[in-house]
Amino acid sequence: MKRNTFSATPDKDLRLTLLALCIATACGLSAPAALAQAAPNASDNTAISTAIRRYNIQAQPLSEALLEFGQQSGLQVTASSNLIRGKQASPVNGNLSTAQALRQLLEGTGLRYEFNGGMVNLVAGNGTTLLPPVKVQGDTLEESAYGPVDGYVAKRSATGTKTDTPLIETPQSISIVSREEMDIRGIVDIGEAVSYNAGVVTGGTGESRLFGGNSIRIRGFGGNGTAGASFNEYLDGLKLLSSDYITSNLDPWLFERVEILKGPASVLFGQTQPGGIVNMVSKKPHDNMTNKIRTNTGNHDKASLAFDLGSQLSDTWQFRITGLGLDGETQQDHSDRERQLLAPSFRWSNDKTELTLLAHYQRDEINASILSILPKDAVFSNPNGRVPLSFRVGDPDFEFWDRETLSVSYLFSHHINEALTFRQNVRYTSNEQDSNWMFRWFLDADQRTLNRVTFISSEESDTLALDNQLEWTVNTGSIEHTLLVGLDYYDFSDSTVADSADFSVTPTIDIFNPVYNQTIPALNGRPFAWDEDDDLRQTGIYIQDQIKVGDLSLLVGGRYDDAETSTDDHLDLSTTDESNHEFTGRVGMIYNFANGLAPYASYAESFEPVSGRAFDGSRFEPMKGKQYEVGVKYQPVDTDHLFTLAVFDLTQENMTTADPDNTGFSIQTGEVQTRGIEFEGKLSVSNNLNLTASYTYLDDEITKSNNGDQGNQRPQIPEQTASLWANYLITRGALSGIDIGMGVRYLGETQGDFRNTFSVPSYTLVDLALRYDLGQSPLGLEGWQASFNAQNLFDKYYIASCFATHSCHLGQERSIRASLEYRW
């Protein structure tokens with residue numbers, strides 16, 4: 001894929017041909033399944049319950065609603081007239097399985113249903129039987145932590161415990177974004193997906209996050225590599241390791257849900273930053289899949305085609321394949337961007353064992369300035385005017401950023417007996433990156449002439465991730481234990497060559513009257529300034545016990561890690577080896593009252609290795625994080641609402657700071673403390689109205705430092721953030737089938753540098769979503785849906801963030817997206 005002298009370029013036509021063949025194969029495989037669902041065998045209750053159809057039934061007397069259900073499902077419904085007299089049916093809208101439609105229709109009636117051949121019988125009582133990935137406990141429907149969210153509000157997660165645990169029983173703050181929410185908001189990257197969650201800050205790198213990295217900060221930590229890479233991202237519970245220049249930046253079309261665990265997570269996941277992690281859960285085959293094909297268009301000449309197809313291949317085998325092709329420009333002048341994505345998966349299962357095979361391939365070709373930053377004097381109080389958000393720091397004739405990611409993995413679980421389960425998750429990932437880019441150096445006195453530096457890099461990395469888990473459920477008297485023992489292993493190897501040319505040989509550019517396609521000195525062919533291989537190996541052993549005594553849930557966990565790093569510098573022919581060993585712990589408790597209130601308290605630790613040595617030659621110790629958190633969760637009985645209020649005190653120690661006695665060296669006496677309050681509410685008020693509200697107050701302080709910034713606030717971290725999202729589905733009248741959504745995001749003032757010499761103003765952005773079920777339109781196009789989304793609806797001009805006097809990110813201008821989707 002590489003353009004530089006030591007690389008080879010693959011056959012693009014071959015990749016497109018393979019993609020077309022995969023689409024054709026998937027459509028051919030899924031079509032028989034769709035026909036089978038359209039006419040289920042009347043003697044097969046399983047086929048009847050899982051058959052997916054389009055339903056449009058308004059709230060009305062149950063007797064009338066049952067007639068409409070029979071017409072739309074093709075099934076005969078029987079019930080005693082005394083049983084249904086005076087009862088009101090709930091509305092049913094969307095592509096649903098028979099079982100899902102009946103659940104919605106009968107909600108609140110006190111009735112249950114039974115399948116009998118081609119008939120549905122209604123009887124008095126509670127409960128029914130569902131197929132995976134959902135299950136019923138008593139009369140409460142709960143989704144699986146490993147499958148799709150059943151609706152808008154998730155109730156279970158495995159990210160916080162690595163076991164299938166209700167959120168209301170987990171003593172730590174967790175936020176979950178469902179596939180349904182991602183679809184209605186029309187998100188195009190993970191940063192957008194989590195932008196309405198408490199404690200999370202995204203978008204600090206402006207539009208660059210769409211191709212460089214997501215730049216997600218949680219409780220003040222997370223962070224940016226050189227290209228905006230986030231170092232707190234996980235896929236299916238396995239870490240996505242990256243370096244300063246290479247990241248996977250996977251497309252969110254791959255994911256069923258996105259989960260945010262807030263606070264230190266090293267007990268389960270090893271070396272992490274203390275603010276928390278983002279875990280993305282892949283789309284996988286399951287019993288109630290809906291096939292989708294979606295076309296998209298938008299401003300900046302964007303166009304894309306995406307598909308998500310699946311089918312039951314046999315009694316034990318299922319398959320699913322997702323893919324996407326994207327082409328267009330970015331907001332930067334004279335830019336373009338392409339993406340190709342393909343992700344097949346297969347699932348085999350029986351009563352005791354399940355094996356899911358997954359793979360994904362993603363390629364990005366970008367002609368834009370990846371590090372699009374400007375000096376402070378260019379964007380604040382500039383007498384020449386305001387720098388356009390479309391300004392490009394670099395040059396289209398010189399810059400490119402090509403990235404290729406290939407990953408194969410499997411998720412295996414086996415129920416040894418009713419109490420003992422073994423799980424093993426394995427993933428291999430290969431990343432390649434090749435780039436030429438330019439970034440700012442300094443601004444001349446006229447405040448319009450920008451001096452620039454050129455940079456080239458090429459990088460390859462390979463990652464092997466393995467996580468073994470043994471879960472044992474046992475009761476000792478009235479005490480229930482869920483004991484988890486695990487061993488995980490990561491091997492990350494990376495090879496990088498890079499070089500740069502300073503401003504003296506790089507042409508300048510006028511930021512208010514830019515001239516592009518200038519002659520840029522070539523760097524290929526000269527000796528590289530950076531040529532090294534890095535290798536990281538980490539092995540961790542962890543144990544966790546979830547103890548339940550009545551309504552009280554306790555969690556205790558500990559972990560020991562061994563991390564080895566090695567760097568081979570091919571320029572000075574040196575090798576540097578580092579070794580770190582660390583123990584981390586975790587404890588928490590939560591009490592569930594009958595009214596849905598659940599107060600909790602927890603303590604957790606994290607560690608993160610630090611490269612380098614002090615003046616005396618001693619190796620730096622890992623940075624250590626510790627957090628105290630108290631809060632309350634509230635899940636009102638018989639509702640799809642979840643509220644979380646958290647108060648936390650988070651400290652990171654052993655940060656490097658200047659050595660006051662030895663110039664040019666560092667010592668580990670630095671410390672940062674963040675204390676905050678978070679509130680998040682996620683509500684499904686009815687089948688029509690969904691709400692997400694969040695507020696965060698964060699007091700960030702550098703509590704120990706020799707760099708002259710002690711007592712200051714770190715840059716890019718706002719003291720206050722708030723957001724509100726709501727969408728409403730109209731189910732009656734001429735506008736029936738229209739889903740309207742609107743959101744507001746506020747990000748408070750941030751500091752522009754570590755010395756707090758200037759600040760970046762706060763800003764408020766508005767987002768809009770419109771979705772129309774064309775099956776309910778006068779056209780009667782069953783299965784078709786049109787959508788319109790706008791990010792930064794009013795095209796507000798803002799500076800996203802600054803991290804130094806010479807480094808400010810321009811904000812993202814209005815982004816318009818429209819799509820047409822067909823489901824069956």
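Analyst: Let us begin with burial. A residue is called buried at under 20% relative accessible area, exposed at over 50%, and partly exposed in between, using a 1.4 Å probe and counting protein chains only. Helices (H or I, at least four residues) and strands (E, at least two) are DSSP runs, numbered from the N terminus. This is a predicted model, in which local features need pLDDT of at least 70 and side-chain atom pairs count only at pLDDT 80 or more, while totals for chains, interfaces and linings use all residues. Residues are numbered from 1 along each chain as its sequence is written, and side-chain values use heavy atoms, with hydrogens and water left out.

User: Is Leu-67 buried or exposed?

Analyst: Leu-67 has a relative accessible area of 58%, and therefore counts as exposed. This residue belongs to helix H3, which spans residues 62–73. The C-alpha atom of Leu-67 is separated by 8.1 Å from that of Val-77, 10 residues apart along the chain.

User: How should I read the pairing of strands?

Analyst: Strands of a sheet pair through backbone hydrogen bonds, in either a parallel or an antiparallel sense. Here, two strands pair if DSSP finds at least two bridges between them. Consider strand S36 (residues 640–658) and strand S37 (residues 666–684), which run antiparallel and are joined by 16 bridges. One of the residues involved is Thr-657, whose bridge partner in S37 is Ile-667.

User: Which residue of S38 is the bridge partner of Ser-684?

Analyst: The bridge partner of Ser-684 in S38 is Asn-690. S37 and strand S38 (residues 689–704) are paired over 14 bridges in the antiparallel sense. A hairpin connects S37 to S38 through 4 residues.

User: What is the order of the strands in the open sheet of 3 strands?

Analyst: The order is S13-S14-S15, and the pairing is antiparallel. Strand S13 (200–201) and strand S15 (221–222) stand at the edges with a single partner strand each, so one side of each has no neighbour in the sheet. S13 pairs with strand S14 (residues 217–218) over 2 bridges, and Val-200 has Ile-218 in S14 as its bridge partner.

User: How are salt bridges to be read?

Analyst: Side chains of opposite charge can pair when their charged atoms come close. The rule applied is a side-chain nitrogen of Lys or Arg within 4 Å of a carboxyl oxygen of Asp or Glu. By this rule the count is 42 salt bridges. In one of them, Arg-294 pairs with Asp-183, with the closest N and O atoms 3.5 Å apart. Arg-294 lies in strand S20 (residues 292–298) and Asp-183 in helix H6 (residues 179–185), so the pair ties together parts 111 residues apart in sequence. Both Arg-294 and Asp-183 are buried.

User: Which residues are linked with Asp-183 in a network of salt bridges?

Analyst: The network links Asp-183 with Arg-179, Lys-292, Arg-294, Glu-821 and Arg-823. Asp-183 forms a salt bridge with Arg-823, where the closest N and O atoms are 3.9 Å apart. This pair joins distant parts of the chain, with Asp-183 in helix H6 and Arg-823 in strand S47 (residues 815–823), 640 residues apart. Asp-183 counts as buried because its relative accessibility is 9%, and Arg-823 is buried at 19%.

User: Are Lys-376 and Asp-377, by contrast, buried or partly exposed?

Analyst: Lys-376, at 23% relative accessibility, counts as partly exposed, and Asp-377 is partly exposed at 40%. Their side chains meet in a salt bridge of 3.3 Å, N to O.

User: Which residues make the nonpolar surface patch?

Analyst: Patches consist of residues with over 30% relative accessible area and no salt bridge; like charges are joined within 9 Å, and nonpolar side chains (Val, Leu, Ile, Met, Phe, Trp, Tyr) within 5 Å. Accessible areas come from the Shrake-Rupley method with a 1.4 Å probe, and for residues only the protein chains shown count as cover. Val-630, Leu-645, Val-647, Ile-677, Phe-679 and Tyr-695 make a nonpolar patch of about 450 Å². S36 and S37 each supply at least two of its residues. Ile-677 is found in strand S37 and is partly exposed, at 38% relative accessibility.
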